[in-house]
Structure formats: structure tokens, C-alpha cells
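Work through the two exercises below with the sequence and the model at hand, and try each task before reading its solution.

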Amino acid sequence: MVEETNAQPVVNEPKPGNDGGAAAPKAAPEKSSEPKAPSNKELKEMKKREKAAKRAAQKAAIGITPEQQQQLAQQKMDKKKQQTATTTNIKKQLDQTVIRNSGKQKIPALFSHLETREQRNASSPAISHIVHPAILALTLKYSTYRIVGSTLRLRRMMEVFKTVITDYQTPENTTLTRHLTGHLSHQIEYLKTARPLSISMGNAIRWLKQEISHISIDTTEDQAKVQLCDRIDEFIRDKIDFSDKLIVQNAAKHITNGSTILTFGHSHVLEELFKYCAIEENKNFKLVVVDSRPLFEGKKLVSRLIECHAKEDQSLPITKTHIKIQYVLINSLSSMVLEDVDCVFLGAHAMLSNGRLYSRVGSGLIAMMSHSRNIPVLTCCESIKFSDKVQLDSVTTNELADRQDLMHGDAKKPPLKKSFALEQFIKQQDAIAAEEKEKKKGKGNQKSDKKENDSDLTDADPLSNWEKMEHLDILNIMYDLTPPEYIKKVVTELGALPPSSVPVILREYKNT
């Protein structure tokens, strides 16, 4: 008989710590039920797909088929490629132009970062086909100096922008607020080929682009044009006309009967100041007009004052009844002229945030000479000309004009005459050169020929062949920088303030 037992099978479990036994298999880690968070890259792709799906649905609702959508997308890609190709070609042309003209210009390394007229004109043919005719005419007037002065240049530019906006037509599939800004940028780029933009012009352009961006999309094109033209008229009235009137009223307090006033060059606000003192306030004073080459802007101021007639007698100019004018060039300005001067008025191209005056070259010299003789120097400047830039010298940022303007005189300009010291210096240098050549050649028969050639050189212009002189560089710098310690007050439409208060005026201008 077989006995049945309830014995269970024995399983040999390895003891813990027994190296000889087989190790028990580890339990697999439990998978977490929570889903893994997508990365930033995946989130961006998801958002892109959602936006693309929404756009496709909107277009499909309008009636555009998916095939037409693909064609529009392909056209946009081709247009972007063409734009990038044209920009790269323009950059290549500019680089080649700089390299090609670098050997001819003979510009010293200290001023090599400043653009010349040839470099500015290099990009003009590329965008000339989309430039408005009014911009072309204004650019020509800028380049020939028929329009000079930052205030006049600003006024003419804003008036031309009104014409450009009036003739503008918004292309299809775009809006005025987006496309007009780029259209104006092309006009401005061409405008810069004549002369660099002034500080006031840059401030006005930023203001205009901001006004364009504030136009509602629901506004029709005609209404937007009228609105922008009205805003430009308000800008000219508030920032130029009213500002000049307030500056003239504030500065007229510093001109008294019998005083002697000195000014340099021509400034629109100073011209209005002298007319206001003579006609409205019936003041008699002496005006010393200091002028310099090559623009001779002081002549314009004198001619404008001569054309203005007195209030009592319209047949007599104010230069005979109220203002006695003395015209002098800056190179012949002596201390005798400054002895009787009571106050100096200077125009301004810009006022920097560190209190320095950026104006026509020669203003710093006038301010320094006046400061050394304790003559107060006042600057009349509108708030539109204030800049938040900081500049410590007139080399970092400046304008290089054409050097031929300094070399070749005009029929309207005074004749060039060498001073006695320059003639003696030229004779001495020619004599030294002749002696050196005689020593090298050792020929006595050439002495008489040398003397004849020397006499011819002294009679001729010493800079007639300056382009052939290897070690001679001629620069026509337009502006210089005047330190704030030379300036007593800056007269603005907000009042007469010291140069250290320029940041305060900047803050007030930005708030308005």
C-alpha cells in the first residue's frame, strides 16, 4: 500500500548574504501613471501647428483652397529670398565702393570712420526707383546747400513727408500702419545720401513712425492720411513756430539799448530774435556778425536783416534805424573786436545730454575766446534739437563735407589772398628746396632757372595741386563741440536754463 502524505515541495531559498547561492531577480520598477511633460521645443512646435491650423481654417472659410494657400506661401518665400538677395548685393556694392574710393580720398585714420559723399551716394541707385519725386528734389537741395540749417531742413522734410503720405497707396494684403513705415524708411535712406540727418530730423522721424503705429486698423486709408497730415502740421506749429516765438521772447530780455551783440554764422531763431528786438521792442544795438568759409552763412543773416524794414518807416531797413552791423571773418577776429561785446548769441545744431553744444565749426572757438574775457555766451535751441547722446569730442560723430568747397572759390565769395606770413613761409620753403637740389646736382647754370620758378610758385596758389601732394590731407569738417563751462545759459521754449539741465529738458520733451 502506498501511503499518501500532504508533504509540500521544498523550495531552497538562498539565504541573505550567501554568495554561493543564486541571486534573486530584482523586481522591475513600477511605471508611473503620470504623463511626461513636453519640452519647450515641443511646446513651440505645437503652438506653431495650432496657429497654422487656425490660419488654414480661416482661409478655408473665406474660400481659399489648400492649393492656393500653398501657392501664396511659396510666393512669400520667393519674395523674402529676393529681398535678402538685394540687401546682400547692396552691402557688397557698399563694401566695394569703400575699398575703391579709399585710395583716392586720402582721409587720415583719425577720421576714417566718417562717411564721405561718395560712400553715401553708393546706395542711391539701388532704391532710386521707389523714391518719391519730392524726396529727389529735396535731396538735391540738401546736397547743394540751398537748404542749410537744422530747423529749415526739418521743416522742409516734414512738408515733403506730407506730400509723400498724400500720394501713398497701400498695397493689397497689407495695412497702412505696417507698410507706410517701411515706405518712409526708403525715402529717408535716399535723403541721407545728400547729408546725414540732423538730431532734430531724427527725433521728428521717430515721432512720425510712432504716430503711424498708433493709427487704428479700422481707420480707412483716406482718414489715416488726413489724420497724419494734420498731426504733421501740429508738430511744425508746436515744435518749431511756437517754440521759436517763446525763445525769442525769453532771449530778448538779454539785449538792451546800446549793447553790442556778437553772433556766429546764421541761425533762424537768432534772425527772428534780432528782428523782434528792433521792430517790436524798438531797441537800438550793435551787431557783430562773425563768418567763416566755405558756406558764408553770416552773409545770409546780414542780407535778411537788410531786407527787413522798420515798423515806423517801411522805406528804411532796420540796419539803418535800429541795428548797426559789423561783418568780420573768423580768421581776422581780434581781441579789439571783443572788447566792446556785451553778450554772445550762438545757434545750435544739437544739445547733448552732457551739456555740450554741437554746432557749426567755429562756435567752440568763439565761445572759448568769449569765456576767457568773461563775456556771457547764450545758446538759443529748441527742445526738438536735444539729444540723449553723450559725446566728448567732435571726432566721434561729425560730417565730412566736400573738400573742393575749401579749395575752389566762387564768384560770390571774396577773393582768396595770401597773408604776408604765408608768403614769407612759402618763399623760405622754396629757397630751402632749391638749395638742396643745387647741392645734389652741382650745376651752377640752373640758379637763374630756379629763381624764375620760385617766383612763379609764390604768385600761384600754394594748394592748386594739393591732390598730387602725397603727404597732404584736407578735411572739411562741418561741426564742432563746445564744453558746457563755456556756456552760461541755454534759452529754450521752457525757459533759460544752464547746460547741466539738459537732461531735465529731455525728460520734459519725452513726456510731451
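This is a predicted model: local features need pLDDT of at least 70, side-chain atom pairs count only at pLDDT 80 or more; totals for chains, interfaces and linings use all residues.

Residues are numbered from 1 along each chain as its sequence is written, and side-chain values use heavy atoms, with hydrogens and water left out.

**Exercise 1.** Find which residues gather in a patch of positive charge on the surface, and state whether K47 is buried or exposed.

*Solution.* Step one: the patch (residues with over 30% relative accessible area and no salt bridge, like charges being joined within 9 Å) gathers K47, K51, K54, R55, K76 and K80. Here a salt bridge is a side-chain nitrogen of Lys or Arg within 4 Å of a carboxyl oxygen of Asp or Glu. Step two: helices α1 (40-62) and α2 (66-105) each give two or more residues to this patch, helices being DSSP runs of H or I with at least four residues. Step three: α1 supplies the largest share, four residues, and K47 lies in this helix. Step four: K47 has a relative accessible area of 55%, and is therefore exposed (over 50%, with a 1.4 Å probe and protein chains only).

**Exercise 2.** Determine in which sense, parallel or antiparallel, strand β9 pairs with β7 and with β10.

*Solution.* Step one: strands are DSSP runs of E with at least two residues, and two of them pair if DSSP finds at least two bridges between them. Step two: β7 (residues 377-380) and β9 (residues 489-492) pair in the parallel sense over three bridges, and C380 has V491 of β9 as its bridge partner. Step three: β9 and β10 (residues 495-497) pair in the antiparallel sense, over three bridges, with T492 opposite G495 in β10. Step four: a hairpin of two residues joins β9 to β10.

Notes:
Patches are made of residues with over 30% relative accessible area and no salt bridge: like charges are joined within 9 Å, nonpolar side chains (Val, Leu, Ile, Met, Phe, Trp, Tyr) within 5 Å. Accessible areas come from the Shrake-Rupley method with a 1.4 Å probe; for residues, only the protein chains shown count as cover. Lys and Arg count as positive and Asp and Glu as negative; His and the chain ends are not counted. The place of a charge is taken as NZ of Lys, CZ of Arg, CG of Asp or CD of Glu. Buried means under 20% relative accessible area, exposed over 50%, partly exposed in between (1.4 Å probe, protein chains only).
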